Amino acid sequence: MADVANVVVVSIGYRKAPENPFPAGPEDCHDAAEWLIDNSKAKYGVDLQFLGGESAGGYMALSTYLHLSTSRPTFSLSGLLLNYGIYDLSLLPSVHNFKKPATLLLDEESMTHFRDAFCPGMSYEQLRRP
């Protein structure tokens with residue numbers, strides 16, 4: 001698809017929990033985005049234009065965008081592609097009220113498990129703005 005659309009796609013191999021809890025993964029993404037801002041034109045022939053991700057990757061992409069808004073305030077993106085991410089790690093009511101059909105993998109129990117591995121010991125307020 002990238003070849004047909006004539007775009008360059010870079011996937012970030014960020015560190016994952018529980019071996020590397022917060023903030024390791026987001027910091028890897030922040031560092032990679034800053035490197036791309038500084039080097040993508042020379043390395044790939046184009047500037048960084050979009051950030052995106054699915055599920056945890058959606059969270060990482062949004063976290064990176066927010067980081068760049070303060071670390072590189074003059075830089076702008078053309079857009080964000082955020083597919084079904086979780087953006088408030090305190091788990092909003094929709095998570096608590098969701099009843100998982102047998103065909104889905106994630107429910108409140110599994111999301112809480114993964115969240116706690118990613119953000120061990122964080123308070124409710126910290127989880128709202130990690």
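Reader: Is Arg15 buried, partly exposed or exposed, and what is its relative accessible area?
Author: This is a predicted model. Arg15 has a relative accessible area of 37%, so Arg15 is partly exposed.

Reader: Which residue forms a salt bridge with Arg15?
Author: The partner is Asp28, and the closest N and O atoms are 2.8 Å apart. Asp28 belongs to helix H2, whereas Arg15 sits in the loop between H1 and H2, so the pair ties together parts that are 13 residues apart in sequence.

Reader: And Asp28, buried or exposed?
Author: Asp28 is buried, because its relative accessible area is 18% and the cut-off for buried is under 20%.

Reader: How many salt bridges are found in the whole structure?
Author: The search finds four. One of them joins Arg128 and Asp88, at 3.0 Å from N to O. Arg128 is in helix H6 and Asp88 in the loop between strand S2 and helix H4, 40 residues apart.

Reader: What is Met60 in contact with, leaving aside its neighbours within four places in sequence?
Author: Met60 is in contact with Tyr14, Gly25, Pro26, Cys29 and Phe118.

Reader: Which residues form a nonpolar patch on the surface?
Author: Val8, Val10, Trp35, Tyr44 and Val46 do, with about 400 Å² of accessible area together. Val10 lies in the loop between helix H1 and helix H2.

How values were computed: Residues are numbered from 1 along each chain as its sequence is written. This is a predicted model: local features need pLDDT of at least 70, side-chain atom pairs count only at pLDDT 80 or more; totals for chains, interfaces and linings use all residues. Side-chain values use heavy atoms; hydrogens and water are left out. Patches are made of residues with over 30% relative accessible area and no salt bridge: like charges are joined within 9 Å, nonpolar side chains (Val, Leu, Ile, Met, Phe, Trp, Tyr) within 5 Å. Accessible areas come from the Shrake-Rupley method with a 1.4 Å probe; for residues, only the protein chains shown count as cover. A salt bridge is a side-chain nitrogen of Lys or Arg within 4 Å of a carboxyl oxygen of Asp or Glu. Helices (H or I, at least four residues) and strands (E, at least two) are DSSP runs, numbered from the N terminus. Contact means heavy atoms within 4.5 Å. Buried means under 20% relative accessible area, exposed over 50%, partly exposed in between (1.4 Å probe, protein chains only).
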